[in-house]
Amino acid sequence: MVIKSSVSGKSVFRQAAVFVLTAVLGLVLAFPSSGQKQTAPKRIQSTDSELRLKGWAAHLEMEAASPFKELKWRHIGPTNISGRATDVAVVAPKGKNYTIYAAAASGGVWKTVNEGTTWEPVFDRAASTSIGDIALAPSNPDIVWVGTGEANIFRSSQAGCGIYKSEDAGKTWRHMGLSGTYTIARIIVHPENPDIVYVAASGHEWTDNAERGVFMTADGGKTWKNIFFLDSRTGAVDLVMDPADPATLYAASWQRIRFKWNDPRVMPGYDRSAVYKTTDGGLNWKLAVDGLPEARFRGRIGLDVCRAHPETLYALVDNYEFAREPTEEEALDSYGRPSSGIIKGATVYRSDDRGGTWRLVAPTTSMMKAYLERHSGTYGWVFGQIRVDPNDPETVYILGVPLSVSNDGGKSFRMLRGMHGDHHGLWIDPENSDYIVNANDGGVVVSYDRGVSWRQFTDNLPVCQFFNIAYDMADPFRVYGSMQDHGSFRAAVDLSRGRDAVPAVPFEWAPGGEGCSHAVDPLDPDTVYSAGFYGRITRTDMRLPRGRGTKSLLPPPFPGEAPLRGQWVAPIILSPHHNETVFNGMQYLYRSTNRGDVLERISPDLTYNTPSEMGDIPYHTLTAISESPRRAGLIYVGTDDGKVHVTRDFGRTWREIMAGLPYQKWVSRIVASAFDLGTVYMTQNGKRDDDFTPYVWKSTDFGRTWTSIAGNIPLGPVNVIREDPVDRNILYVGTDGGVYATKDGGKTWGVLGSGLPMVYVHDLIIHPRDNIVVIATHGRGMWALDANRVNNKDRRPRRFRED
């Protein structure tokens with residue numbers, strides 16, 4: 001099969017943000033009815049990538065002119081935990097240089113010039129700080145390329161906005177195009193001519209798009225050609241160059257999309273994930289799959305070529321061929337989801353004729369079969385990296401949940417220990433194979449002895465990814481949050497040095513998992529509720545030893561009932577009227593009036609509950625709950641499929657309140673006003689449609705009608721809205737670009753504070769007693785700001801009587 005290259009300019013999707021009416025005003029749901037069926041309008045998808053760049057430019061202008069620019073954000077930690085890194089690039093040779101660049105999954109690019117003694121961020125002011133790959137020009141290491149958009153498309157991956165270039169070792173950057181690719185998996189720079197660059201782009205995560213495949217520039221990024229393109233669902237996920245012939249390259253194509261209810265896996269009819277080879281610099285490509293698994297079983301593929309023996313290549317194939325039924329112990333995966341069967345998973349193939357033919361080298365024994373089946377956990381699409389020792393074709397590393405090495409040409413592998421799990425990047429020194437640098441979900445580690453021991457940088461590479469934030473009423477108050485692949489943690493917010501001088505501190509363990517929401521009893525800070533791993537709610541007494549004070553609270557469904565569905569970070573709140581009343585959201589709303597000991601279902605299924613949209617990932621679930629501080633029993637809920645409901649009687653009757661809202665946009669937050677009984681605020685998030693419109697809404701009639709108050713917020717998605725605890729006109733919004741505040745109820749917004757990088761603000765609180773704003777970012781830890789200075793005066797929250 002021969003594919004001719006095609007030239008493409010900076011093509012982008014253009015679609016007007018037309019809001020569609022999606023509900024009929026006044027629809028009442030009487031428990032336990034499931035509501036009326038509606039004709040599905042068209043979903044708004046795929047924001048023009050150029051509008052994203054313009055939105056970021058507008059954000060910078062707003063920041064410079066903001067009335068809040070004198071306020072300073074302070075990073076408060078954690079100082080003892082790092083976060084997901086996707087790649088590393090190292091300046092060689094070691095001994096003359098000690099420079100390493102580290103790509104954080106959603107925390108930008110960091111650089112050390114002293115091999116990790118200190119790190120500094122060098123790329124954190126761009127339209128996207130989600131990083132897919134870094135590459136240095138072999139002929140000039142001051143030329144650094146950064147591809148934005150993590151290509152692992154994990155549950156918390158963020159979209160990129162093209163490729164950037166520095167010619168002064170990271171001091172300054174220029175955007176060089178490819179803004180519509182959204183994920184960049186690999187960058188290859190010509191060994192002699194730094195103006196020739198190849199880019200593997202795997203494309204949008206959630207929607208089909210044409211700007212994917214392999215791109216090439218011959219003029220340093222001024223113009224690009226799409227030299228390898230298959231279709232709008234198949235991109236390039238890996239790319240390697242023959243070290244002896246820069247005109248010979250190998251590309252791995254990957255046919256995939258992520259649905260809201262399914263991970264990006266091989267689907268019926270898929271047959272385009274493969275290996276391709278060009279010997280003329282990308283003008284023509286041929287399939288190179290002789291000996292690989294059948295096309296219908298091939299998922300993500302990783303590639304590498306041995307520098308000392310360029311005829312030897314390895315491929316790591318996520319193989320979907322059915323292997324066996326699960327054992328009783330394997331009936332549920334690590335997240336409690338039922339297994340649909342065991343696939344072969346990680347399989348390693350080798351070619352010794354430059355990709356002409358391949359042969360399976362692992363697994364070929366029962367021991368290796370068992371080992372590699374588990375190597376990528378249940379999510380092989382997240383991994384897919386393989387590295388060959390540049391000096392020894394018999395030594396090969398595969399990256400998955402563990403980092404494993406083979407010294408016999410891939411026949412057998414053993415696990416390397418001593419570092420965090422979930423591995424995404426590896427660099428092996430071509431001058432000294434003992435020296436390796438690894439990127440994983442815990443950050444970056446270095447080994448001087450081929451992985452026998454590791455040096456870690458958990459205290460000075462602060463790129464952890466929080467999903468949420470909660471607080472308690474202790475003195476000093478503590479903040480809680482769950483971190484990707486680490487679990488849940490908490491720390492005190494120390495105001496003793498001044499409200500503008502909150503220090504960064506280590507965080508300690510807190511109950512809950514890595515995807516978890518928290519609520520802390522306001523009268524007893526040692527009682528902590530958590531809803532982790534798809535809504536499994538627990539209550540923990542922090543006075544008891546860890547592991548002994550936790551009680552599971554979620555009741556099982558009755559026999560014959562549909563399984564409970566909870567979102568990854570399922571919502572849980574405590575009533576503002578009664579500290580022992582707990583609300584928990586699955587597809588139903590649950591309430592307990594006795595600290596969760598008995599949970600009562602108080603709603604019907606409040607989602608669309610579409611059978612064709614039920615898959616591996618819980619979908620059609622509640623994502624936001626708010627009870628009015630002014631009246632008990634007035635409760636609003638929102639869902640991941642865009643449904644919004646209200647009850648005024650503790651759930652006896654429910655009303656849909658969706659008039660004028662966009663169709664099926666994830667409800668990221670609902671806040672019932674503490675100042676006015678009928679006022680409610682809501683944000684929606686279009687990330688899962690590749691939609692970056694800022695959706696911020698206000699209703700003054702209990703949700704019967706909604707008015708956009710997004711105003712001049714230039715870009716979404718929007719993750720959270722909060723009402724100021726004192727001033728009814730002050731609101732705060734956290735987006736995938738920063739924090740905005742308004743002092744006029746949403747007519748005009750300004751960027752809140754200075755000193756904050758471009759960061760994904762997933763959650764935000766204002767402490768009701770101490771009046772401190774704290775944000776949980778997905779990629780840069782937690783930050784705090786003095787809310788007193790928003791109004792330039794000290795003030796305490798008002799107390800309200802119920803209406």
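Which strands do the buried residues of H1 pack against? They pack against strand S54 (739–742) and strand S55 (750–751). The model is predicted: local features need pLDDT of at least 70, side-chain atom pairs count only at pLDDT 80 or more, and totals for chains, interfaces and linings use all residues. Residues are numbered from 1 along each chain as its sequence is written, and side-chain values use heavy atoms, leaving out hydrogens and water.

**View 1. Helix H1 spans residues 49–65.** Its 17 residues reach 25 Å from first C-alpha to last, close to the 24 Å expected at 1.5 Å a residue. That expected span is 1.5 Å times one less than the number of residues. Helices (H or I, at least four residues) and strands (E, at least two) are DSSP runs, numbered from the N terminus.

**View 2. H1 has a buried side and an exposed side.** Ser49, Arg52, Gly55, Trp56, His59, Met62 and Glu63 are buried. They lie on the same side of H1 because they cover an arc of only 120° around the axis, taken from the directions from the helix axis to the C-beta atoms. On the other side, Lys54, Glu61, Ala64 and Ala65 are exposed. Buried means under 20% relative accessible area, exposed over 50%, partly exposed in between (1.4 Å probe, protein chains only).

**View 3. Aspartate 48 caps the N-terminal end of H1.** A side-chain oxygen of aspartate 48 lies 2.8 Å from the backbone nitrogen of glutamate 50.

**View 4. Threonine 735 sits in strand S53 (residues 731–735).** Threonine 735 counts as buried because its relative accessibility is 1%. Its side chain reaches the backbone nitrogen of glycine 737 at 3.0 Å.

Terms used: Contact = heavy atoms within 4.5 Å. Polar contact = N/O pair within 3.5 Å; in protein donor to acceptor, adjacent residues only side chain to side chain.
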